[in-house]
Amino acid sequence: MATLMTQKHSLGVGLVSVGWMGKVHSRAFADLNSVYPDLPVKPRLVIAADPEPSRQEFAIEALGYEQATADYLEVLRNPDVDVVSICSPNFLHKEIALAAIAHGKHFWLEKPAGRSAAETAEIAAAAAAAGVKSTIGFNYRNAPAIEHAKKLIAEGALGRITNVRGIFFADYSSEPNGALSWRFKRELAGSGVLGDLMGHLVDLVQYVVGDIAEVTALTSTTHKQRPIQQMGKGTHFDVIEGGPMGEVENEDYAGMLVRFTDTGYGSDAVGTLEASRSLVGPRARYELEIYGTEGSFIWDFERMNEMQLTTARRGQELGYRRVMASPGMGDFGSFQPGAGTSMGYDDLKVVEARKFVEDILGLAHLNSNINDAVASAAVLAAAEESAATKSWQTVAPVAGSTSAKRKA
Ligand SMILES: NC(=O)c1ccc[n+]([C@@H]2O[C@H](COP(=O)([O-])OP(=O)(O)OC[C@H]3O[C@@H](n4cnc5c(N)ncnc54)[C@H](O)[C@@H]3O)[C@@H](O)[C@H]2O)c1
């Protein structure tokens, strides 16, 4: 074991923002060597930045960073930092990503990459010009059931894909007095549930099925005012009793009809995609249903380690089989030796960290990259335009994305 560890190169990690995602990224780096012992690097948590002093203290005491600072530029300037996790609120993503690129640091950036398609494209262009590698936090791709569905579709096991149904339904702002965090302000977040949850769903269907070519959408806001929450305090799940109220400036719900490009399984795949952050009932019901001429697949993140599958059209026992994720599906076997012992949300980020590191080392290019963020943002921008103009919008394919492609 000692030999295994001494053969590894140190990988200096810097973190910007010690909120929910900052903690999850840090735990992912800390777990990398135990989950993937053959990875030839050993992460070293060098420095974390957050303006909130209690979060700087947490970074050192709980997460194990050597130093902490209020100023993210100190992270980027640190010569021991090789890669940087950017886990700040959306309004800082472009500024910090461009600064990371200017300092030649590969970055793992949370979604949505920019507040708009234009900001996202700006980050992509700068990264390409500087030859800096990126990974985007589209973690649901890494669920073993999703990787299995992608493989089944690529092998033709579901036949020609005819339609897709996706819902990303959460309840984090179902309370009318749920906190008015930065997520509800246009200047700080950009769009609402579109950038927050629909962006994940769009990335997921583009990764598994193929590029979306046409969109029509509508949006609505359930609760128009909420109690104001101070930046850096609490989480967006908090409920605040009393206190001053502020305006919700973006949408709680978005619904879309989409048409996919021809990915080689037929040119007529269509879909319905919905997302909401303020429903009563679903906790994190992130569900993907994919229907083909030979079979279908159903997955729900609330039951992440299982899927409903059918690949038969005839016979007396038509219907779904409940299939558990197991070694051989995605990275399941790196975490658990047998089916039935579940992986969790944090594990998806460990997989994402592996893909990020492997891309940087030139070992594999399996990660979601900034072009995937551009591709997702383009669909969301088309949805916003569609909702505003009550029209269908076309979406151009994005070069360099890792969406499911047309068969050779
Ligand atoms: N991939 C996913 O599943 C997922 C889940 C949640 C959040 N996210 C994304 O992660 C990002 C962060 O979300 P979160 O829930 O962790 O937010 P959060 O509100 O929990 O934390 C944000 C942190 O940023 C800090 N911050 C504010 N200004 C800063 C500055 N100038 N420099 C450095 N830090 C600053 C705050 O003090 C706070 O600690 C968002 O873009 C969000 O969309 C992704």
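Modeller: Contact here means heavy atoms within 4.5 Å. Keep in mind that this is a predicted model. Start with Trp299. Leaving aside its neighbours within four places in sequence, Trp299 is in contact with residues including Tyr140, Ala143, Ile146, Leu204, Tyr286 and Met304. Two glutamates, Glu287 and Glu306, are also among its contacts.

Now widen the view. Trp299 belongs to the largest nonpolar core, which has 84 residues. Trp299 is one of those with the most contacts inside this core, along with Met198, Val215, Met256, Ile290 and Phe297. Helix H9 gives the most to this core, with 10 residues. In soluble globular proteins, nonpolar side chains tend to be buried together.

Next, follow helix H9, residues 193-208. H9 packs with helix H12, residues 370-389, at an angle of about 120°. Their axes lie 9 Å apart. The angle makes H9 oblique to H12. The crossing is right-handed. On the H9 side, the meeting residues include Leu194, Met198 and Val202. On the H12 side, they include Ala375, Val379 and Leu380. The residues of this contact divide into 7 nonpolar, 4 polar and 3 charged.

Last, look at Val132. Val132 sits in the loop between helix H6 and strand E6. Val132 is buried, because its relative accessible area is 10% and buried means under 20%. Leaving aside neighbours within four places in sequence, Val132 is in contact with Ile101, Gly104, Lys105, His106, Phe107 and Ala127.

Terms used
Residues numbered from 1 in each chain as written. Predicted model: local features only at pLDDT ≥ 70, side-chain atom pairs only at ≥ 80, totals over all residues. Heavy atoms only, no water. Axes fitted to C-alpha atoms, helices over the stretch in contact; angles between N-to-C directions. Helix = DSSP H or I, 4+ residues; strand = E, 2+ residues; numbered from the N terminus. Parallel < 35°, antiparallel > 145°, perpendicular 65-115°, else oblique. Left-handed = near helix turned anticlockwise from the far one by under 90°. Nonpolar A, V, L, I, M, F, W, Y, C, P; charged D, E, K, R; others polar. Core = buried A, V, L, I, M, F, W, Y, C linked by side-chain atoms within 4.5 Å. Buried < 20%, exposed > 50% of the residue type's maximum accessible area, 1.4 Å probe, protein only.
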